[in-house]
Amino acid sequence: MIRRGLFFTGLLLMLIGMSLPADEPHEGTLVLVSVADLGDGQLTPNQLRRAFLGIPVLVNGENIRALRNTSDPLLNEIFLQKVVYMSEPRYKRQLVSRTFRTGQMHPPDFKVQDDLVHALKSVPGGVSVMWERDANKDPALHVIQVLWKGRPR
Amino acid sequence: MQRSRPIQTLLALLAGMLFPLPALAEGELLLFPELLFEHEQDNSLDDAELTPSLDFFGTARRGRLRLLGEVFVSDDEFDVERLKLGYAFSPGTVVWAGRVHNPLGYWISQYHHGNYLQASISRPEVARFEDDGGLFPNHIIGVLLDTTYTSGNHAFDYSLLAGTGPELRAGNNAELHFAGLSNVGDGKHKLNITGRFAYRPDSASDNQFGLFASYVKIPVTKAIYDTLKLTIAGVFSSWQLADLTFTGALYLVKDELSDGAVKDDGDFASGYVQADYLALEVWTPYARLEHSYGDNNDPYIELMTDFVPKRQVLGMRWDFTPRQALKLEYSRNHAHSKTFGQTFLSWSAAFP
């Protein structure tokens with residue numbers, strides 16, 4: 001009787017295990033970070049989008065300069081969907097078009113996160129997006145606001 | 001050809017601003033190459049034209065100083081289209097001096113000479129460049145104020161330009177000739193004033209509508225007239241609804257040709273509406289309608305014989321890589337003397 005119970009419990013656990021995806025992604029939190037102290041100032045979705053399109057944005061007297069983080073493909077995908085609301089090709093075309101029209105610089109692109117952190121520390125008003133767990137590793141970085149929280153699909 | 005010492009000096013300044021870079025780039029270079037095949041209906045294929053061109057763009061900044069240049073090179077053209085030095089009074093307000101594009105309407109302020117950036121191959125007739133037979137001054141040497149005022153999510157863009165207008169050389173192929181950067185004193189050039197205003201309900205978007213007005217007095221040579229006065233006013237809009245974009249502009253023009261004793265005047269309206277639809281991120285079918293009113297017997301239009309008052313355009317754009325596009329376009333053109341079809345095929349790109 002006990003042997004049969006153990007058999008069915010084992011079978012049940014095996015079936016439950018098989019029904020779960022092999023690589024269930026962990027929950028992540030995407031944050032906006034800066035070395036600058038923006039006070040209690042948070043950026044509105046419109047200001048965020050403008051900053052990452054290279055359009056001048058002023059928050060609490062500080063000229064915001066957005067730096068793009070492309071070190072992680074998943075982070076980049078969430079950034080495109082939740083911050084600039086457009087696909088990569090469309091975003092890049094907008095940046096080229098805006099620079100060509102106005103002469104404004106587009107946000108520089110960092111493929112290595114250490115380089116991004118270094119730039120954030122040297123550029124006045126520099127902001128970027130980062131996983132919260134990475135931002136917490138460096139005490140010089142302030143988390144300005146949470147941009148997205150969830151389990152990537 | 002318009003190469004000169006002032007241009008070389010400004011290009012050297014651009015290089016100087018670009019190369020001693022700090023942690024972040026303070027300058028950008030863009031290249032827009034294009035290969036354009038053009039065939040007019042009823043002509044033999046031997047008469048078709050294949051034109052390679054390259055639009056070279058550079059911009060740099062140091063502190064509040066800005067420098068921007070655009071040079072267009074093709075097999076028969078080397079033109080400095082824009083070369084201007086700017087001072088930013090604030091991040092949204094820049095005063096530029098040098099060779100600038102006249103902010104007349106929407107198309108030129110949006111695409112300049114970067115054909116890759118526009119959905120279509122051809123430009124609307126009212127946005128045709130003056131050195132290509134266009135009706136209106138596009139290249140001005142002067143002072144341009146560009147400012148954007150943002151309130152909440154709304155943005156208000158203002159441009160104000162004062163500078164030297166072109167000279168009209170009449171004759172068999174009447175054409176407006178803009179002042180050269182190296183020889184501003186050559187030819188006759190008078191004041192051109194233009195104002196433009198645009199409202200964008202979402203300051204992070206390019207959706208907009210606006211107004212513009214311009215006045216220019218143009219000396220005329222090789223004709224019975226010696227002066228042309230052009231007063232231009234109009235409206236424009238560009239609106240994107242999901243993947244569908246509408247762009248349009250209407251120009252109202254009053255022209256007066258005189259030589260002291262004789263005076264002929266007229267007025268006409270000309271405009272266009274273009275729709276393009278981005279499908280599957282890479283395919284963009286588009287259509288454009290152009291129409292003019294009151295152009296018959298207008299004295300200025302009678303001089304500008306290349307003007308096409310009515311046109312229908314159909315085309316397809318294929319972005320086969322993120323920075324390269326192939327476009328195919330057919331247009332039906334209704335000029336005063338004839339109606340003809342034109343087929344264009346182009347490859348264009350933006351690098352890097």
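How many salt bridges are counted between chain A and chain B? In this predicted model, the count is six. One of the residue pairs joined in this way is Arg49(A) and Asp202(B), whose side chains meet with an N to O distance of 3.5 Å.

On the side of chain A that touches chain B, at least two residues each come from helix 2 (45-52), strand 3 (62-66) and helix 4 (88-102) of chain A. Helix 4 of chain A gives the most to this side, supplying 12 residues. Sorted by class, the side of chain A that touches chain B holds 11 nonpolar residues, 11 polar residues and eight charged residues. The contact as a whole draws 30 residues from chain A and 41 residues from chain B. About 2,800 Å² is buried between chain A and chain B, and carbon and sulfur atoms give 53% of that area.

Chain B itself was then described. Its secondary structure consists of three helices and 18 strands. Chain B is as compact as a globular protein of its length, because its radius of gyration of 20 Å is close to the 20 Å that the globule rule gives for 352 residues. The C-alpha trace of chain B spans about 60 × 50 × 45 Å along its principal axes. Among the 352 residues of chain B, 53% count as buried. Of the contacts in chain B between residues at least 6 apart in sequence, 56% link residues at least 24 apart.

Methods. Residues are numbered from 1 along each chain as its sequence is written. Chains are lettered from A and ligands numbered from 1 in the order in which they are written. This is a predicted model: local features need pLDDT of at least 70, side-chain atom pairs count only at pLDDT 80 or more; totals for chains, interfaces and linings use all residues. Side-chain values use heavy atoms; hydrogens and water are left out. Contact means heavy atoms within 4.5 Å. Buried area is the accessible area (1.4 Å probe) that two parts lose on being put together, summed over both. A salt bridge is a side-chain nitrogen of Lys or Arg within 4 Å of a carboxyl oxygen of Asp or Glu. Helices (H or I, at least four residues) and strands (E, at least two) are DSSP runs, numbered from the N terminus. Ala, Val, Leu, Ile, Met, Phe, Trp, Tyr, Cys and Pro count as nonpolar, Asp, Glu, Lys and Arg as charged, and the others, Gly among them, as polar. The radius of gyration is taken over C-alpha atoms; the globule rule is 2.2 Å times the number of residues to the power 0.38. Buried means under 20% relative accessible area, exposed over 50%, partly exposed in between (1.4 Å probe, protein chains only).
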